[in-house]
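User: I'm new to this one and would like to get my bearings. Can we go through a few spots together?

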Amino acid sequence: MPSMASPAASSSSLAAIRHPHFLPAKHVSPPQPLTHPLPPRRPPRAQLVRGAASTPRTSQAELRPDSKNASALSAELRRLARAGRLPSALSLLDHLSHRGVPASASAFAALLSACRSLRHARQVHAHLCVHGLDTNEFLLARLVELYLALGAADDARGVLDAMPQRGTTAYSWNALLHGHVRRGRGEAAGPVADAFAEMRAAGADANEYTYGCVLKSISGSSRPSMAMATATHATLIKNAFAGAPGMLMTGLMDVYFKCGKVKLAVRVFEEMPERDVVAWGAAIAGFAHKGMKREALEHFRWMVEDGVNVNCVVLTSIVPVIGELRARNLGREIHGFVVKKFGERKDVAKVQAGLVDMYCKCGDMVSGRRVFYSSKTRNAVSWTALMSGYASNGRPDQALRCIAWMQQEGIRPDLIAVGTVLPVCTKLKALKEGKQLHAFALRRWFLPNVSLCTSLITMYGSCDCLEYSHRVFHDMDKKTVQAWTALVDAYLKNGDPLTAVDLFRSMLLTNRRPDAVAITRMLSACCDIGALKLGKEVHGHVLKLRMEPLPLVTAELVNMYGTCGDLNAAQRVFNRTESKGSLTCTSIIKAFGINQKHKEALNLFAWMLSNKFVPTKATFDVVLRICDAAGLHDEALGIFSSMVQEYKLEASQENFDCIIRLLAGAGRISEAQRFADLKSTLFNLPTPSLDFEQQ
């Protein structure tokens, strides 16, 4: 093959000759072995013999600058590419081009797989043309996909347009579609749809891989298009699912789940001629993703009854569902199945992390810890599951220690682990640890993650560091409604409702649409400062945004009007609420109590019970305070007894103090003393010696 090297190639080839691979060998016999591929110690002779029998070792003589052993040099190219040493491989490729030695197609395939930058991809492309492989359809398709994955759509289009017979074969078009899918995850499926339409216009026959890319692009987009899903479904029916009904119907079912069309997804699942483990897993994951836990559990049982072998992917989908349902006994059965079926396989690590999370959600921290410490492959996911379990089971201090322990094991916390521990710092008001996590997130380039920044704003606000909260908020590129709300809430918790109101107005000026949480925080600020006029403005936003049916917003509206003294407005809001519940009933009872309407408040409580609304702990706290303010000791005793015996709610110290004050004020000293003794026993307090006459 004649040399086609350019001056640039010549200079690069000189650099290649200076590379350690091509240093001139000493004229000794036998030739000195290469130093870089051999381990520090020489293996035993028997081992070398066995290795030589299976895979012949390339000698240095075959890799000299004047060598033209194409197979040996191509093998070296593949080895360098697989080792991630792409600059060395490109230097060797320059040398081959200069010497006129052809590289094999498999060597170029390895080089394309190793490319991580556009500059290297273009260099490999140039060498591809020099070596006469610019008509190899396989390599050109890989090049198209690589260019698209690196964001060079124009380069990919140029390669595709120059390909021979590109209008009649699906191979190159599939590479184009797959490249768009890899590049556009989480974005719209428009580029894939346009490429698919162009492919059909060119007369190329689509196969199962073509439709698979189209379905992946729809399901992977942030807003799946139902119109594209139905159009693709119709095309698949017309083409008899391209000869792969199982694979494509599974992808179609996943698309319908992502579009929120559960009935259509179930219909596709029921029409499948054969359901393999992938189809069952997609159905279970779809139900779990849509929050349909019972349906996911039923399909898992049907899958087992159908005789389909369960794999780790299915278990990873079903174990969180069991934890959310708090079905501990079923979780123990799954745990036993995992131990018996999978043992110590590497792919069982995610399932074990799910088991830790499941036990923690069921309140069984002992079993969760046992699974965690029995695992030999602990990773950031399993540590995060344990931290979350400690935090949700009332052990935030242990959760905070876990992030230090995992680093002692050599495991770096990821973004999710840091996001799990920051609310723990907020709860404990651990400013020092929160600052350390903030510094770690900056060092690991986790910021500016929106969720992490919002957690930092909340954490600093709970630790009375409003300056840091404001600084984190100011440095955010994309200020979401959640971030605005976190900053407003931080000022409210630090006793500065006026600044919180100003921040809310600033958020509205940025055309951000407040959510229900932001509205309730603003109504709470109106309660704190008694701003009835501002509360009415917020009520206008509630009506404009159609949030009045939300129980949380309605309850806060009633509370705001009641606190600001407009009891008639509070009554009107309560009466207009169509779906009344314990939250709204508690708010109207509290509103009447604040305005000294004690009898009416207790009548509303009786009406609430007669209409089968279940009172919460907050409801009983409000009613007992009303009884305390009105001096109604008999009514308070009855309500206290109903709370503890009928509704099985635990009484707080404040509830006991309320009953003790009422009984002491009514002269029922012995009963008051009995409640005082019971309070000291339940809460491990010193035995009281109260002087009720002084009260």
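User: Leaving out residues up to four places away in sequence, which residues does Ser-219 touch?
Analyst: Keep in mind that this is a predicted model. Ser-219 has its place in helix H11, which covers residues 208-220. Once residues up to four places away in sequence are set aside, the ones Ser-219 touches are Asp-254, Val-255 and Lys-258.

User: Is Ser-219 buried or exposed?
Analyst: The cut-off for buried is under 20% relative accessible area. Ser-219 comes out at 13% relative accessibility, so it counts as buried.

User: Which residue has its backbone oxygen 3.3 Å from a polar atom of the Ser-219 side chain?
Analyst: A polar contact needs a pair of N or O atoms within 3.5 Å. Here a polar atom of the Ser-219 side chain sits 3.3 Å from a backbone oxygen, and that oxygen belongs to Lys-216.

User: Which element gives the most to the lining of the second largest pocket?
Analyst: That pocket holds about 470 Å³ of space. Of its 21 lining residues, the closest to the centre are Tyr-209, Gly-212, Cys-213, Lys-216 and Met-247. Helices H7, H9, H11, H13 and H15 each give two or more residues to the lining. With six residues, the top contributor is H11.

User: Why does Gly-461 count as buried?
Analyst: Gly-461 lies in helix H25, residues 450-462. Not counting residues up to four places away in sequence, it touches Leu-466, Ser-469, Ala-490 and Asn-494. Buried means under 20% relative accessible area. Gly-461 counts as buried because its relative accessibility is 2%.

User: How far apart in space are Gly-461 and Thr-426, C-alpha to C-alpha?
Analyst: Along the sequence, Gly-461 and Thr-426 are 35 residues apart. In space, C-alpha to C-alpha, the distance between them is 8.4 Å.

Definitions and conventions: Residues are numbered from 1 along each chain as its sequence is written. This is a predicted model: local features need pLDDT of at least 70, side-chain atom pairs count only at pLDDT 80 or more; totals for chains, interfaces and linings use all residues. Side-chain values use heavy atoms; hydrogens and water are left out. Helices (H or I, at least four residues) and strands (E, at least two) are DSSP runs, numbered from the N terminus. Buried means under 20% relative accessible area, exposed over 50%, partly exposed in between (1.4 Å probe, protein chains only). A polar contact is a pair of N or O atoms within 3.5 Å; within protein, one must be able to donate a hydrogen and the other to accept it, and residues adjacent in sequence count only if both atoms are side-chain atoms. Contact means heavy atoms within 4.5 Å. On a 1 Å grid over the protein atoms alone, a cavity is a set of points where a 1.4 Å probe fits but cannot get out, and a pocket is an open set with protein on both sides within 12 Å along at least five of seven lines; lining residues have an atom within 4 Å of a point. Grid points are joined across faces, edges and corners, and a volume is the space filled by probe spheres set on the points.
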